[in-house]
Amino acid sequence: MVPRTFRTWLLPLLCIALPLIVGIVGSFFTAGSIPGWYASLNKPAINPPGWIFGPVWTVLYILMGISLYLILRDGTERAPVRQGVILFTAQLALNLLWSIVFFYGHAVAAALVVILLLIVLIAATAISFRRISVPAAWLLAPYLAWCCFAAVLNAQIWLLNGFPV
């Protein structure tokens with residue numbers, strides 16, 4: 001039996017901290033490329049200003065963490081919870097991989113493949129979470145929408161800059 005204090009205080013903090021930590025790790029791979037390589041790219045007209053990405057991702061990571069907490073708060077004994085956690089972990093790993101491939105590796109076409117796989121995994125995670133908690137699934141909707149938008153940006157950057165396949 002898990003102590004009530006853990007489920008009340010520590011579990012929500014850990015669930016929120018996990019995606020935020022992944023975001024921080026991703027920023028280490030991202031930050032070095034922004035002033036040079038990324039700044040030199042041709043970007044589509046719909047590209048948001050650079051300052052918007054940090055706040056948006058912070059909110060999305062917090063929403064992801066709350067979503068994870070909502071499926072974990074009653075324990076991991078049920079198979080749908082364990083499946084949801086596996087999908088959540090996989091999409092979080094692809095989230096980090098995209099930053100590494102796009103910003104650190106400058107592999108724009110490969111990053112497009114990664115983000116398309118990420119979108120599929122986010123959708124699968126939301127469907128899986130919905131079986132446990134409808135609010136948990138809906139909390140992933142802004143993340144899914146943002147990643148779809150990011151995939152469009154990724155594709156347009158690839159096309160505008162003539163990167164090889």
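Let me start with a rule: a patch is made of residues with over 30% relative accessible area and no salt bridge, where like charges are joined within 9 Å and nonpolar side chains (Val, Leu, Ile, Met, Phe, Trp, Tyr) within 5 Å. A salt bridge here is a side-chain nitrogen of Lys or Arg within 4 Å of a carboxyl oxygen of Asp or Glu. Areas come from the Shrake-Rupley method with a 1.4 Å probe, and for residues only the protein chains shown count as cover.

Now, what you are looking at is a predicted model: local features need pLDDT of at least 70, side-chain atom pairs count only at pLDDT 80 or more, and totals for chains, interfaces and linings use all residues. Numbering runs from 1 along each chain as its sequence is written, and side-chain values use heavy atoms, with hydrogens and water left out.

First, the surface. Which residues form a nonpolar patch there? They are I21, I24, V25 and F28, and together they have about 400 Å² of accessible area. Take V25. It sits in helix 1, residues 4-30. Helices, by the way, are DSSP runs of H or I with at least four residues, and strands are E runs of at least two, numbered from the N terminus. V25 is partly exposed, at 31% relative accessible area. The scale is this: buried is under 20% relative accessible area, exposed is over 50%, and partly exposed is in between, with a 1.4 Å probe and protein chains only.

Stay in helix 1 for L10. L10 is partly exposed too, with 42% relative accessibility.

Next, the rings. Rings of Phe, Tyr and Trp (its six-membered ring) pair if their centres lie within 6.5 Å; planes under 30 degrees apart are stacked, over 60 edge-to-face, the rest tilted. How many aromatic pairs does that rule give? The count is 13. One of them is W37 with F102: edge-to-face, 5.3 Å centre to centre, 70° between the planes. W37 is in helix 2 (residues 34-40) and F102 in helix 4 (residues 79-104), so this pair ties together parts 65 residues apart in sequence. Both W37 and F102 are buried.

Now F88 and F129. Their ring centres are 6.0 Å apart and their planes meet at 15°, so this pair is stacked. F88 belongs to helix 4 and F129 to helix 5 (residues 108-130), so parts 41 residues apart in sequence are tied together. Buried or exposed? F88 is buried, at 1% relative accessible area. F129 is buried as well, at 0%.

There is also a cluster. Ring pairs link W37, Y38, W98, F102, F103 and F163. Over the face of Y38 lies K43, 4.7 Å from the ring centre. The test for that is NZ of Lys or CZ of Arg within 6 Å of the ring centre and within 35 degrees of the ring normal.

Back to F129 for a neighbour. S67 is in helix 3, residues 53-72. S67 counts as buried, with 0% relative accessibility. What does S67 touch? Leaving aside residues up to four places away in sequence, S67 touches F129, A136, A137, L139 and L140. Contact means heavy atoms within 4.5 Å.

Last stop: the loop between helix 4 and helix 5, where H106 lies. H106 is not a glycine, yet has a positive phi of about 55°. H106 is partly exposed, with a relative accessible area of 31%.
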